[in-house]
There are 2 protein chains.
Amino acid sequence: MSSPIKFKIEKKLGGKLGRAGILSTPHGTIQTPAFVTVGTKATVKALSPEQVKDLGAEIVLANTYHLYLQPGDEIIKKNGGLGKFMNWSGPTMTDSGGFQVFSLGAAYGKELSKVTTITDPSLLLPERSDDMDMPKLATVGADGVSFKSHLDGSMHYFTAEKSIEIQHNIGADIIFAFDECTSPVESTRYQEEALFRTHQWAKRSLEYHKSKSQGVNQALFGIVQGGRSEELRKKSAKFLAELSTPDGGFDGFGIGGSFAKEDMSTAVMWVNSVLPEEKPRHLLGIGEPLDLFNGVENGVDLFDCVAPTRMARNGTLYTSDGRINILNAKYMGDISPIDADCGCYTCKNYTRSYLAHLFRAKEMFAGTLASIHNLYFIIHLVKKMRQAILDDNFTEFKEVFLKQYYKGG
Amino acid sequence: MSSPIKFKIEKKLGGKLGRAGILSTPHGTIQTPAFVTVGTKATVKALSPEQVKDLGAEIVLANTYHLYLQPGDEIIKKNGGLGKFMNWSGPTMTDSGGFQVFSLGAAYGKELSKVTTITDPSLLLPERSDDMDMPKLATVGADGVSFKSHLDGSMHYFTAEKSIEIQHNIGADIIFAFDECTSPVESTRYQEEALFRTHQWAKRSLEYHKSKSQGVNQALFGIVQGGRSEELRKKSAKFLAELSTPDGGFDGFGIGGSFAKEDMSTAVMWVNSVLPEEKPRHLLGIGEPLDLFNGVENGVDLFDCVAPTRMARNGTLYTSDGRINILNAKYMGDISPIDADCGCYTCKNYTRSYLAHLFRAKEMFAGTLASIHNLYFIIHLVKKMRQAILDDNFTEFKEVFLKQYYKGG
């Protein structure tokens, strides 16, 4: 069975794992490396699909956990699948739900710890759903995980097969194997056990996916885990890369979990030096400019992160000179655009003064204009990295950008 | 001094005061009768200017009270005026602030009564700002009215001159004279006193406006008041129609205040039989389908009302068969559009099922899609009335529409 996606490497970054490529899906192509826009609940918060397309987005990622609970995957199927449901004609992805179900705090029969309880600043935590609603009371076993809906308290059980079945109903172009996302504070022993489960679930996800004709137009990515351990990360990449059925293996790979902030690049390099070069790699939930540069340099093709839109809704905006908060009083009478160097709809048509007014007035259009700007900024930053690979000046571009962006601290 | 607007009547409704016309402003023309879209705080809630234009809106009305307090009229002037500030290139209007300052409950040194305390169902109350924030503690005198900001409790004083000065800074194509909007429960004696003040303020508004070159590209409308009294309404229309300066009189008229619901048509007829035929008339804050038909029939050229967008944000949607509430459980799996007869962006691209999901998920895009639909519905309803006048079948169109729309109760 041939893959529903095709990945072609156009150019490699000399001496590094980075590359510029083209990923073809049943709903269009993506120039990689690319930043994937998050539409948690089958909508990119505050934006129309036309606005999402106009700002340069090529692909949208929705979250399986949220859509399973509301409106339900059967309703999305009845609507003709995710793309038709949300009126987005381009490529789509869904995650497996594993990240949300585990909420970064997996547990054997104990309550999940919250994301917010992890305060170690050296940890790079992925931001993978554009919504603070998380399930409670997950219990993880060899077969899957039970959890309580944040909406109505009802109990649910996800297995690898169930996650893939839901993702078949939702119908995105690229779907992910069910995985256990461990908390970075868990012991090495727990990380090993969790990785064993993730690998069993990857195998079952792949077998179930290949056995169903419903998902024939959907590509399946396996997710590399292994926490902060070089040994586990490489072991995981090798296991998933070699995993196969008579109908083939994974179409691509996700890199999940958390990292130590200072050596994210190294961890990604460990993984990508093992994964097969010819398949696309998606670094899940990472989106800071510095981390994007490091990810691209080390062979990441796709990123997603809710930070650009979440920050936007709080009035925190990217500029070439670093972030600004538009609620700062000095912007009230400032008739310049957010960023004079930016070509986005917001910067071309509105002043900081107008944005400052809308945020103070708590107008919905504030979130729209700010999200357009932040997404444009990050998406085009990755597009520029791609161009820099093609133009053989990636390192120079990285240095100049980061120097200006982080100079303010 | 010639008027900055031109009004041309294309066709009259046989035997009635109604007419189809074309109103030309410095920023474009409006086919009348027309429904004016409300953008209280220099933004039509949840919509981009492109979405507002695409749904058929020809003109946007902003509120002077809100913009004076935030961001301040000087900041809007610094941004190049209302149109540039909000990126709306078409015609604009501002009200005088009188309605908000009085909050439907004028008082001599006593606290304002709230809109919500008026519960008489026979009263037709205008809905003129798309925001529940109202000032407190207004005190009205011959010269103007003092009020307390709902934002920070600061005290402010509006006179006719002040209102016009603010509206000159905001810079809309059409502005309104400062008026006292009385509560319908006030005594006849109070209504007479209030009308006397409104007429004095109309005179001062007109004189101040004509004396300033700043407003030379802005048309000024006087506002007819007089509550539910035929005598006062006719007196007010006559006074304002005859009011003049060496540089001319009002460019058009607003019809303000509240009516008894069952005889709104009669009250509008009283006023419009007195007002000069060749100038445009704006019925302020009225937008129910039945009232729009009655207004058009009786010679109203412009309407504005926040009901379509306010209802939209609560999930109440217009259809040819009356209103529906999309939060009703039966719509969760309904893959038909809101209204099969509707040509709006929402109905062409999304199902009731998707809308039901977005509203349950409290997604911002729910308000966007619902507002597009409701505004399109009402704006195009008035456009159809206009066409019916041109086609000599207004009465038939009215009967057929109202029979179907109100059949559900």
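Helix α14 of chain B covers residues 364-390, which makes 27 residues. From its first C-alpha to its last it reaches 39 Å, close to the 39 Å expected at 1.5 Å a residue. Keep in mind that you are looking at a predicted model. Is this helix mostly covered or mostly open? α14(B) is mostly covered, with 22 of its 27 residues buried. After α14(B) comes B:Asp392, and the phi of B:Asp392 is positive, near 60°.

Now let us look at where the chains touch. The contact takes 30 residues from chain A and 30 residues from chain B. On the side of chain A that touches chain B, the elements giving two or more residues are α3 (73-78), α4 (82-86), α13 (352-360) and α14 (364-390) of chain A. The largest share of that side, five residues, comes from α13(A).

How are the two chains arranged? Two copies of a chain are related by a rotation about an axis and a shift along it. Here, a rotation of 180° with 0.0 Å of shift along its axis superposes chain A on chain B, with an RMSD of 0.0 Å. The two copies are thus related as by a two-fold rotation axis. To find that axis in chain A, go to A:Met364: its C-alpha is the nearest one in the chain, 3.6 Å from the axis. Finally, 100% of the interface residues of chain A are also interface residues in chain B, so the copies meet through the same surface.

Note on methods: Residues are numbered from 1 along each chain as its sequence is written. Chains are lettered from A and ligands numbered from 1 in the order in which they are written. This is a predicted model: local features need pLDDT of at least 70, side-chain atom pairs count only at pLDDT 80 or more; totals for chains, interfaces and linings use all residues. Two residues are in contact if their C-beta atoms, placed from the backbone, lie within 7 Å. Helices (H or I, at least four residues) and strands (E, at least two) are DSSP runs, numbered from the N terminus. Copies are superposed by least squares on the C-alpha atoms of residues with pLDDT of at least 70 in both. The expected span of a helix is 1.5 Å times one less than its number of residues. A residue is buried if 20 or more other C-beta atoms lie within 10 Å of its own, exposed if 12 or fewer, and partly exposed in between; C-beta atoms are placed from the backbone.
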